[in-house]
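The points are grouped by topic and may be read alongside the sequence.

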Amino acid sequence: MAPVPDIKTPLPGPNARRLMERDHAVVSPSYTRSYPLVIERASGATVEDVDGNLFLDCAAGIAVTCTGHSHPDVVPAISQQAARFLHMSGTDFYYELQVRLAEEIAGVAPIEGPVRSFFGNSGTEAIEGCLKLARYVTERPNIIAFLGAFHGRTMGALALTASKTAQRRRFGPFMPGVFHAPFADCYRCRLGLTPETCGAECLEFIEDQLFLHLVAPDEVAAVIVEPIQGEGGYLVAPDQFLQRLRELTSTHGILLVDDEVQSGMGRTGRMFAIEHAGVKADIVAMAKGIASGMPLGVAAARADLMTWPAGTHASTFGGNPVSCAAALVTLKLLKESLIANAAAVGAYLKDGLTNLMARHPLVGDVRGRGLMIGVELVRDRQTKERATDERNDVVKAAFARGLLVLGAGSNTVRFSPPLVLTRAEAETAIRIVDDALGEVEAAGAR
Ligand SMILES: Cc1ncc(COP(=O)(O)O)c(C=O)c1O
């Protein structure tokens, strides 16, 4: 086994450089490329680039490859299904894989009672399904989402997304009927509360402001929430926030939509992040990790809600049989060992990153659950001034040392590795982040 990471060329290397030039001529420049990684192959948590450099992957293709890259059980399931048939449109015809997957999802979804699933191809398509179902079944037009939320980029989901203005700029006007409320940003609690004193008072905005001034609760179809805001900066909603949200929505006959696109599929040490709070949702969005990298999105709902008749909603490719085959193996691996590994190695990684606070004043907060960990960087721990440039520099310095991490929010480094990450790999990641922080702090001091 070659040691990982192993960086042999300047980055980008010559082959990477050539491919990037070709890309820049013909591929949309709207993609966010934080650093010049050009992948050749990958396995587990190791990524090899086109110049033979080996990287330790703590990004997992934006929290997707939960079973590790090209897991030896997932790849044959994909190729065997590909040889059988590639497509038959599960929205027009039947095949067993889609039924089996819906049965599996019904067994794990954080929803009370029987569950039905709608299949799409991506997170944003799952969210569109959730949105449309909520409006259809309640016959109410309005949706409440949270500031900082990321729910996708198609026009319905984008109306809910309130993460970065660049994602919305020049794309409006947006779907009407969307209201945003403050999320539980506990590191920067505007109410001055601490986890011990917090009763999720930030949610009072919904009843005291939105319901009073802007929208009657009986015209609200759904509240949609990420139990841990992903793109928003890996912000962990406290249990009482989700519990109180459940109470509030139930009181007014509003559906609770749980967006688990990033936090789901075992990443937090439970199958779904909302389980940590003991809360059940009415509708749940899943994607990213569900099929180990094959495209699949799911809107799962209480069976008594998902009663829309034939023709109301469908998707040509949704629930593709190859993706379903990958998802079935993924769920099996998650249950067998990977959720437990995410909890154990995640706790180890979070401890190690938290210990870095003693040496690195740039680190303002370390938070997360399982292998969904955010390290928020600040210029000053008192003022909590966001260290955006420094965050970007830390991500690049980690890349230069062979560690793949991504940013989240404006000043947080996110750790979303494959759930196969070992303790030894977590230790390597901690060491590299330690060095990267040191380099950026030294540059700032000069
Ligand atoms: C919580 C959440 N919801 C929805 C989406 C949209 O998923 P996709 O990019 O697959 O459309 C994302 C993507 O990052 C996400 O993190």
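In this predicted model, strand 1 (residues 39-43) and strand 2 (residues 46-49) are joined by four bridges and pair in the antiparallel sense. Ser43 is placed opposite Thr46 of strand 2. Two residues lie between the strands of this hairpin, and Gly44 has a positive phi near 60°.

- His69 is located in the loop that runs between helix 2 (60-63) and helix 3 (74-84).
- The relative accessible area of His69 is 13%, and because the limit for a buried residue is under 20%, His69 counts as buried.
- Leaving aside residues up to four places away in sequence, His69 touches Ala42, Ser43, Gly44, Thr46, Val47 and Asp57.
- With Asp57, His69 also forms a side-chain polar contact of 2.6 Å.

**Helix 10**

- Helix 10 (residues 388-400) contains 13 residues, and its first and last C-alpha atoms are 19 Å apart, close to the 18 Å expected at 1.5 Å a residue.
- The buried residues in helix 10 are Glu390, Arg391, Val394, Val395, Ala397, Ala398 and Phe399.
- An α-helix has 3.6 residues a turn, so residues three or four places apart point the same way.
- The packing partners of the buried residues of helix 10 include strand 3 (54-57), strand 14 (372-377) and helix 11 (423-445). Strand 15 (403-404), strand 16 (406-408) and strand 17 (412-415) are also among them.

**Helix 4 against helix 9**

- Helix 4 (residues 96-108) and helix 9 (residues 321-355) have axes that come within 9 Å and cross at roughly 35°.
- The crossing of helix 4 and helix 9 is left-handed.
- On the side of helix 4, the residues that meet helix 9 are Leu97, Gln98, Arg100, Leu101, Glu104 and Val108. Their counterparts in helix 9 are Pro321, Cys324, Ala325, Ala327, Leu328, Leu331 and Lys335.

- An open sheet of four strands has the order 13-14-17-16, with antiparallel pairing.
- Strand 13 (363-369) and strand 16 are the edge strands, each pairing on one side only.
- From one strand to the next, the twist averages 30°.
- Strand 13 and strand 14 run antiparallel and are joined by six bridges.
- Gly368 stands opposite Ile373, a residue of strand 14.
- Strands of a sheet pair through backbone hydrogen bonds, either parallel or antiparallel.

**Cis peptide bonds**

- Leu11 and Pro12 are joined by a cis peptide bond with omega of about -5°. Pro12 belongs to the segment before helix 1 (14-26).
- Gly172 and Pro173 are likewise linked by a cis peptide bond, for which omega is near 0°. Pro173 lies in the loop between helix 6 (155-160) and strand 6 (178-181).

**Positive phi in residues other than glycine**

- Ala60 is not a glycine, yet its phi is positive, near 55°. Ala60 is part of helix 2, and with a relative accessibility of 0%, Ala60 is buried.
- Ser292, also a residue other than glycine, has a positive phi near 60°. Its place is the loop between strand 11 (283-286) and strand 12 (297-302).
- Ser292 counts as buried because its relative accessibility is 11%.

Note on methods:
Residues numbered from 1 in each chain as written. Predicted model: local features only at pLDDT ≥ 70, side-chain atom pairs only at ≥ 80, totals over all residues. Heavy atoms only, no water. Pairing = 2+ DSSP bridges. Buried < 20%, exposed > 50% of the residue type's maximum accessible area, 1.4 Å probe, protein only. Polar contact = N/O pair within 3.5 Å; in protein donor to acceptor, adjacent residues only side chain to side chain. Contact = heavy atoms within 4.5 Å. Expected span 1.5 Å × (residues − 1). Axes fitted to C-alpha atoms, helices over the stretch in contact; angles between N-to-C directions. Left-handed = near helix turned anticlockwise from the far one by under 90°.
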